[in-house]
Amino acid sequence: MKVVALVSGGKDSCYVMMKCIQYGHEIVALANLLPVDDSVDELDSYMYQTVGHQIIVSYAECMNVPLFRRRIRGSSRHQKLSYQMTPDDEVEDMFVLLSEVKRQIPSITAVSSGAIASDYQRLRVESICSRLSLVSLAFLWKQDQTLLLQEMIASGIKAILVKVAAIGLDPSKHLGQDLAFMEPHLLKLKELYGSNVCGEGGEYETLTLDCPLFTNARIVLDEFEVVLHSPDSIAPVGVLHPTIFHLEKKGNPDSNPLEKEPGLVFEVQGDGPNNTPESTRQLDNGTVDAVEHTRNGVHLSKTGKENTFSICCWLEDSGESSTGLKEDLETVLTEIESQLLKHGFNWQNVLYIHLYISDMSEFAVANETYVKFITHEKCPFGVPSRSTIELPLVQAGLGKAYVEVLVAKDQSKRVLHVQSISSWAPSCIGPYSQATLHKGVLHMAGQLGLDPPTMNLRNEGAIAELNQALTNSEAIAEAFRCSISSSAILFVVFCSARTEQSERDQLHEKFLSFLDLSKSSRRLDPIFLYILVPDLPKRALVEVKPVLYVQEDSETDDETREDQLCEGDYSCWGYKPEKWHQDCVQKRVVDGKICVTVLSISTEVMKKLHEPEEKQQLERLTRFCVYLLNKTLSENSLSWQDTTSLRIHFSTSLGVSVEILSNIFETAFKELNEMSHGGRVGDSKEPIFNLVPVLSAGIFSASLDNIITCELLSLRS
């Protein structure tokens, strides 16, 4: 991509340019923001480093790249973490600056920034990039600062300290000192006081005088003044004010002195945008154009829990009309939006979205339709996390789109949404996030085996993809101060039908090897569920969807129970507990309030039910599933009213449509209700389950022989 680099003069913004080139991008312009008054060194800004701005003008000559500069007219008006367009905010100066760069160089598609740890700065750069349809590149994001400092120095960056504001740093001693010279002292301060060695806590700022990108010349600082801002005896604050500097030409020292290249520096004027949608990219006003896709055969399911529940919508394929994916998805999302409004909610209440489509080659169409409904503007507390899977929908008698949303009544969710391409984890460019934490449950987006800085799939096969997907998952978990090895309660692993059987045979073993559960003393012993599907995004072979338990308070009682049995009569339809029944059920109960259950019905189990007639066999099978699920809930002092989601994955090898299977399951739940006098399942008009057609499933990757697999999540209020 062609990149405009945001440069402050600091080491970070210069090093990220080098990383951009390393990953195949091209720096075609520089962009810098500076104070209105040249004599002012530092502004009271939450966003911009301005110390040393007098020297930045030379970067254009040093790199022979055009430099666009704008004087900062705004101030920090919008100080909440997540930024929204605010007139006269200093962020809008960046918008004006980058708008002009894009106007003059239309081929630019990306913006680089030196963000390492500041969500405040990253989110503002991402906001501007989103409004200008540019990609944010932040290759230093979340990197280990000690290693990063070493890399910067080793790469040839020559920078000096131009501001100090921390214990152990003295303006009279350390301003003007070379970064390489200061490295041992900075590491010592980290050891003594926990200081950030890259200055991410405001300990110090730097000015780059030379680096490998300065191919024409280096900057020589001849004279400077030390300006003391605070004489504090513990952590004095001071800045370096450059007074005299010159450029030293690189190459043949006997050649002519460096002459200033004409037309390389551009001063960007103009006012910031007013608060209207026309000033930005076409901002969504919160509504979608009326979609006239009224269709018969729209089906809904909804779990009965009041504060956290699932709504699912799918279409019955009548075969009478040949509507496409776009029309089907619009119909489904419109119906879900209507259901949300009916219950007093909207898209900002949605935690997670399962997007199922019939043909992954139409992923772009699905995405274009999706972003018309779910937008950043509609979700000010954070956009939902998402998993997108191709399923054999048409084969099961369904339309081409199928959506399940997880909804929360409150706004206590915590969303991680990084849109910048970095070396940390795959970016989510658009209205879908990496993970959402709510009430102790971390719902992570489906993770592919993508190499984060290139966003390319690992091409060495399914095992390599799995390892990369788990590495990405771990990076996301660390952002919530947990680990997939110790905090996961469920891993759903989608395997593409294109995965070789020989690799599928190894997936589970490799999974366990990566987690190395033997080293984690406080692990939650996760459940594994492998699902075979026709295709995945980007033609991936594996997609991992972890669910984690994250302790949100100071309590340490995170007991995990597997076999808690409460006395009681769980008999239904004549079933009595038998030892082999337990082989069908995997459950994890965490802290007495979160229960994950996976119920596996294989062909061998089906034979044990002894029903020769196909219809009677299906009826007996569904009753057996409902019986075991009901027994599991009752044993753990949970009810159907605690159900957050219930997915019933069924193999298309059954040769039965969703409609027929749904009717049979509904009958079983109705009978259960009658046996308990209406006290178990509830009185909802919609079924509490959603049927998900798959090719096959199983708890081990080598033997995906389940014909029905129930995945139940229950949360006690």
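Tyr-352 stands opposite Leu-406 in strand β15. This is a predicted model.

Strand β13 covers residues 350-357, and eight of its eight residues are buried. Its pairing with β15 (residues 398-408) is antiparallel, with seven bridges. Its pairing with β14 (residues 385-390) is parallel, with six bridges.

Two are set out below.

| Pair | Centre to centre | Angle between planes | Class |
|---|---|---|---|
| Phe-68 and Phe-266 | 4.8 Å | 15° | stacked |
| Tyr-356 and Tyr-402 | 5.4 Å | 75° | edge-to-face |

Phe-68 belongs to strand β3 (residues 67-71) and Phe-266 to strand β10 (residues 265-267), so their pair ties together parts 198 residues apart in sequence. Phe-68 has 1% relative accessibility and counts as buried. Phe-266, at 27%, counts as partly exposed.

Tyr-356 lies in β13 and Tyr-402 in β15, so this pair ties together parts 46 residues apart in sequence. Both Tyr-356 and Tyr-402 are buried.

Elsewhere, ring pairs link Trp-640, Phe-665, Phe-669 and Phe-689 into a cluster.

Charges also sit over rings. Arg-124 lies over the face of Tyr-120, 3.5 Å from the ring centre. Arg-386 places its charged end over the ring of Tyr-432, at 4.1 Å from the centre.

Conventions:
Residues numbered from 1 in each chain as written. Predicted model: local features only at pLDDT ≥ 70, side-chain atom pairs only at ≥ 80, totals over all residues. Heavy atoms only, no water. Buried < 20%, exposed > 50% of the residue type's maximum accessible area, 1.4 Å probe, protein only. Helix = DSSP H or I, 4+ residues; strand = E, 2+ residues; numbered from the N terminus. Pairing = 2+ DSSP bridges. Phe/Tyr/Trp six-rings, centres within 6.5 Å; stacked < 30°, edge-to-face > 60°. Lys NZ or Arg CZ within 6 Å of the ring centre and 35° of its normal.
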